[in-house]
Amino acid sequence: MAILSAPITRDRGRELSRAAATGVLLYRNYLVYRRGWIIFLTGFLEPVLYLLSIGIGVGKLVHGFDVGGRSVPYADFVAPGMLAASAMNGAIFDTTFNVFFKLKYQKLYDQVLSTPRTTSDVARGEITWALLRGGIYSAAFLLVMLALGLVHSWWAVLALPAALLIGFGFGGIGMALTTWMRSWQDFEFITLGTLPLFLFSATFFPVSAFPEWLQWVVQCTPLYRGVVLCRELTTGQVGIGSMVSVVYLLVLGVIGTRIVSRRLSVLLLT
Amino acid sequence: MSATTDRPSPFQAWRLADYWFTLYRRTWRGSVVTSFLNPLLYVVAMGVLLGGFVHADPQRPEGAHSYLQFVVPGMLAAQSMQVAIGEVTFPVMTMLKWHKTYFSMAATPLRVVDLVVAHLGFAVLRLALTAVVFTLVLAPFGVFHSVLGACGVVLVQLLLGLAFAAPIYAYAAALRNEMGFTLIFRLLMIPLTLFSGAFFPLSNLPAPLEAIARVSPLWQGVSLTRMFALGTSEPGPVATHLAYLVVLAAVGVWLSVRALTRRLIF
């Protein structure tokens, strides 16, 4: 009997700080991926392969594009687009598929909430995890860009925080949407949103390919802001206008995180 | 084996038709997006919009008059590979590990080979459907040389798809942990899609990589599809490509039956 009651009396009422609560969830995710390290490792391959294929293979067919009045080779144009797109895809994957599985099937968050942790801790923990993972991939991708000679400015150092910002914006929105998902079939809607963003956000070709009214629409989408921000940083054409993208993505992420905490409380605590 | 008490007919796999039909009636909605909208978006983005920036090459890439004509057959072949792989990865794992449908099927007079044939048959049927839809949607873009060529294109997709579905079925039937699929997607499907001549001529690759790309099964399919679409087929290369894919499919079916037998019977 002493064994059964001892831990209960010892830990009762102990409050965790926000940072500690976030850390516990991060540690749990780390433990899970220790067994799937090869999955973790190969995650960074996809954007690099896209860069080599589209940037260099297709690049031989395309002459290059104007960026801020200066003509750049196609690979230089595509690479920052790939960086931004992979930051989006990574964050979305981590906060939709993985979170849905934990929420509906694994019942992980029910278990978390039976400890002194809150739904905000879950939201913060998962989004931080998505950012950490995305950050590692983005850093690796930037090193590949550097090695291939596709980086032209010291501003590129800030491309890593920019990629994290894209991850934050999309991770927040992705996880918020996940709380409304009913079944795996609903994920088709996520693809329905991310694929057009991936293909039409000036990742592969400039917005000038669209008619004028459509250019406006594209310029208002979050991935376009991310792509442009990354491109400005790697080509060294940063201006005061870049702040628009930064604020946009930041607001998106904050709103997303807020919604997630509220929705998780509705789903799991009532 | 369970079937020994009955007289086995070579067409026993047909008895599973109602199972697959019922399943598809419930899940087809999801496949509409992946098999119809995704390729259309890719064609518009890469073929039409990016293609608008491709400057007319003096030597036309593999007989195509425009980048759109060049890229569409490549995308169709790549999509057929992806649909085929999709049909035999998680569905196989579900039927073996999570829902255990295969075990209940094996408890009937059906033989293992029937289960494999029915599953692969369904995959081929889905391939036919997506290929026909894709071809019909893109025909107005003027990417097919003739009606007969377009029919050939569809038939090639069935063989190409089977050449991927069968060996990967064998892999899936032997696999215990679904993490193995992530490796198939990342280390096989994506590199093949990107470097098998679908988006750019293989001659744009450095020589050693070009040599590797030329033996990849997707390149065989891309090349066949492109020949039929553009009307540039010649008997020699066509026969080689076809033989390659037929052998791959046949070996795959044999391996699949073996792997599934081990999993279900022993």
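A salt bridge is taken here as a side-chain nitrogen of Lys or Arg within 4 Å of a carboxyl oxygen of Asp or Glu. By that rule, the count between chain A and chain B in this predicted model is 0 salt bridges.

The side of chain A that touches chain B draws at least two residues from each of α3 (37-42), α4 (45-57) and α10 (187-200). By residue class, this side of chain A comprises 23 nonpolar, 8 polar and 4 charged residues.

Turning to the extent of the interface, 35 residues of chain A are in contact with 29 residues of chain B. About 3000 Å² is buried between chain A and chain B, and carbon and sulfur atoms account for 79% of that area. Of the area that chain A buries against chain B, 20% comes from A:I39, A:L61 and A:E188, more than from any other three residues.

In an unreviewed entry, UniProt annotates "transmembrane region" in chain A at residues 37-58, 78-101, 127-148, 154-177, 189-209 and 238-260. Two of these spans can be described further. Residues 37-58 of chain A are 86% helix and 0% strand, with end C-alpha atoms 32 Å apart. For residues 78-101 of chain A, the figures are 96% helix and 0% strand, and the end C-alpha atoms lie 33 Å apart.

Notes
Residues numbered from 1 in each chain as written. Chains lettered and ligands numbered in written order. Predicted model: local features only at pLDDT ≥ 70, side-chain atom pairs only at ≥ 80, totals over all residues. Heavy atoms only, no water. UniProt positions renumbered as here; feature names shortened; annotations may be inferred. Helix = DSSP H or I, 4+ residues; strand = E, 2+ residues; numbered from the N terminus. Contact = heavy atoms within 4.5 Å. Buried area = accessible area lost by both parts, 1.4 Å probe. Nonpolar A, V, L, I, M, F, W, Y, C, P; charged D, E, K, R; others polar.
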